[in-house]
Amino acid sequence: MTTVVRTSTAAEAGQGAPSGAIRTCIGCRQRAAAAELLRVVVAPDAIGKVPRPEDERADIAPGGPAPLPVVPDPRHRAPGRGAWLHRDPECVELAERRRAFARALRVPVALDPSPVREYVAGLTR
Ligand SMILES: [Zn+2]
């Protein structure tokens, strides 16, 4: 006999909730309110430059395309898919080490999160 009482599952599913939205940090994998996390995106001006595999061009560096910069989006304005993480250098490093940026942002190329690292380092100085 099991009686499981579940309340407020709607909050978990609610993507558009302006407050109380819960996101998962891609570094430490802990869930936190969106307001506590930093949104990061692939640099918008770099997205158009993602080389397609069938598009063999001479300016692609040997060993694969150059990594795309990942930039902080503190105002949540950037279009496209974002990833979330704590404003904490440790979380940036963890995310970097487990290649969580590429997975969370769903891009098939290498990413360069140094702009995010620098932003977070500046905040915590
Ligand atoms: Zn974290």
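**View 1. The open sheet has four strands in the order β5-β3-β4-β6, with mixed pairing.** Its edge strands are β5 and β6 (111-112), each of which pairs on one side only. Helix α5 packs on the sheet, where it touches β3, β4 and β6, and its direction makes about 30 degrees with that of β4. This is a predicted model, in which local features need pLDDT of at least 70 and side-chain atom pairs count only at pLDDT 80 or more, while totals for chains, interfaces and linings use all residues. Residues are numbered from 1 along each chain as its sequence is written. Helices (H or I, at least four residues) and strands (E, at least two) are DSSP runs, numbered from the N terminus, and two strands pair if DSSP finds at least two bridges between them. Angles run from 0 to 180 degrees between N-to-C directions, with axes as lines fitted to C-alpha atoms, for helices over the stretch in contact.

**View 2. Strand β3 (residues 37-42) is joined by five bridges to β5 (residues 82-86) and by three to β4 (residues 68-72).** Both of these pairs run antiparallel. V40 has A83 as its bridge partner in β5, and P72 as its bridge partner in β4. Five of the six residues of β3 are buried, a term that requires 20 or more other C-beta atoms within 10 Å of the residue's own, whereas exposed residues have 12 or fewer and partly exposed ones lie in between, with C-beta atoms placed from the backbone.

**View 3. Helix α3 (residues 89-97) has the buried residues C91, V92 and A95.** These residues lie on the same side of α3 because they cover an arc of only 105 degrees around the axis, the arc being that of the directions from the helix axis to the C-beta atoms. The face turned away from this buried side carries the exposed residues E90 and R97. Among the elements that cover the buried residues are β5, α4 (100-105) and α5 (114-124). Just after α3, R99 takes a positive phi of about 55 degrees.

**View 4. The largest nonpolar core has 21 residues.** Such a core is a set of buried Ala, Val, Leu, Ile, Met, Phe, Trp, Tyr and Cys residues joined through C-beta atoms within 7 Å. The residues with the most contacts inside this core are I26, V40, V70, L85, A95 and F101. At least two core residues come from each of β3, β4, β5, α3, α4 and α5, and β3 gives the most, with five.

Key:
Contact = placed C-beta atoms within 7 Å.
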